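Hi everyone, thanks for coming. Let me walk you through a structure that may be new to you, and please have a look at it while I talk.

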Amino acid sequence: MDKVAFYAPFVRGAVIARLGRPCVVAQAPEALDGTVVTLSGDEDEKAAAAIITKAVAETEKIPCRVTLNVGGRTIPFMIGEEFSALDWLERGGSVYFPPSIGLEIIPNVRSWTMRNRVCLVTGGAQGFGEEIVRGLCEGGAIVFIADLNLAGAQDLAEKLNDQRRRSPVAFAVEVNVGDEASVAAMFEKVALTTGGLDLCVSNAGVLRAQPILEQDIDTFKFVTGINYTGFAIVTKHAGLLMRRQFLGASSSPWPTDIIQINSKSGLEGSNKNGAYAGSKFGGIGLVQSFAKELVDYHIKVNAVCPGNFFDGPLWSDPEKGLFAQYLRTGKVPGAKTVEDVKAFYEAKVPMGRGCEGPDVLRSIYYLVDQVYETGQALPVTGGQVMLS
Ligand SMILES: NC(=O)c1ccc[n+]([C@@H]2O[C@H](COP(=O)([O-])OP(=O)(O)OC[C@H]3O[C@@H](n4cnc5c(N)ncnc54)[C@H](O)[C@@H]3O)[C@@H](O)[C@H]2O)c1
């Protein structure tokens, strides 16, 4: 692993312990004056973290510069509460005044929860992922939009960065969550850009609804490979990064979060959709198990189980969407239009409508805010699925 990416989370953890708030740690273009920390490079993670934490605790003020000297190699970092502080440091500034950003209050969500938190959303280019990315940015977070569709992620990042006076708030990163090397490279990029991570939303998912008697087993394995194994791969590499940050912050109880976007089909079987429902049920087993394992590093692991997102592309795409498909195949008896099919599915929900972006976003804000819960699967289904 890249040495800079390896050490950056220790530094970020140490600064968080000092500030009690999230921050940005970025590699400096060249060695700058400031605190120097000497390491041999042979220390284990715990010992390296202890040395860095002690040195950062003694720095005069934040923003600042910290240079690691690892076995003779110099690794300079700039540290600030936001990217604009880093620009200022790079220009050699000495007294920093944070830009006055009008706090945008989002209706019905906790307005300060996400401020300056570093978040990553897999499958963030469209659908629920895009809604989550937009909502986190609105809340003041720095968000990595991680997607197989790099062009879509870049397009969204550009739009979000254009809307801001301070920059940047969104970064596009290409990933295939089913491929471990790709996921490891993604988290290295995160460590190199922001020094660490506070929230990982494992949202990328695929659906191939078919009866098991007709389903090609390669298609079954494809769904499981992304929804189930992909979540495990993302958790492994997010967890490795978050653990280093935790070790740096060990004097402060700074919790981090991994949240899987699961489904109501993870709580209740889905007819002719076994590959998907099975992968989501399995996801909850992983959430519970990973939660028990990662609690030692203050990493909470929870799932959100949304109901159907009728306005998202999966359902509403005029060609490939499920409403159009179900109309063509006559799945809903008597339905003559897409609207008839939609009304049929809405009627299954006690609250009479599909799940929307803000519904999922509220549950994410809740799970991050709630520091006394882990290993849970939170239904967001308008009453369609109830826990027993
Ligand atoms: N849409 C719904 O009704 C609904 C309901 C409940 C749960 N969910 C869950 O919400 C999540 C998002 O669903 P959606 O409907 O918004 O999906 P979507 O198909 O609209 O978007 C999925 C995104 O994930 C990306 N992606 C796909 N495979 C990937 C991979 N291997 N690596 C990285 N990125 C990949 C796609 O490029 C796309 O941008 C999924 O986990 C899904 O199971 C969806």
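Let's begin at the ligand, where one of its nitrogen atoms lies 3.1 Å from a polar backbone atom of valine 177. A ligand oxygen is 2.7 Å from a polar backbone atom of asparagine 203. With tyrosine 276 the side chain takes part: an N or O atom there is 2.5 Å from an oxygen of the ligand. In total, 28 residues surround the ligand, the closest being Gln126, Asp147, Asn203, Tyr276 and Phe309; a residue counts if one of its heavy atoms lies within 4 Å.

A quick word on the source: this is a predicted model, where local features need pLDDT of at least 70 and side-chain atom pairs count only at pLDDT 80 or more, while totals for chains, interfaces and linings use all residues. Residues are numbered from 1 along each chain as its sequence is written, and side-chain values use heavy atoms, leaving out hydrogens and water.

Now, the domains. An automatic or database assignment sets the bounds, giving domain 1 (3–90) and domain 2 (118–307 + 349–380). Their contact, meaning heavy atoms within 4.5 Å, takes 25 residues from domain 1 and 25 residues from domain 2.

How much area do the two domains bury between them? About 1900 Å², with 64% of it on carbon and sulfur atoms. Buried area here is the accessible area (1.4 Å probe) that two parts lose on being put together, summed over both. Pro9, Arg12 and Phe83 supply 30% of what domain 1 buries against domain 2, more than any other three residues.

What about charges across that interface? We find two salt bridges there, that is, a side-chain nitrogen of Lys or Arg within 4 Å of a carboxyl oxygen of Asp or Glu. Elsewhere in the talk's pictures, look for glutamate 45 and arginine 243, whose side chains form a salt bridge at 3.4 Å, N to O.

Another pair to find is glutamate 82 with arginine 115, their closest N and O atoms 3.9 Å apart. Happy to take questions!

Conventions
A polar contact is a pair of N or O atoms within 3.5 Å; within protein, one must be able to donate a hydrogen and the other to accept it, and residues adjacent in sequence count only if both atoms are side-chain atoms.
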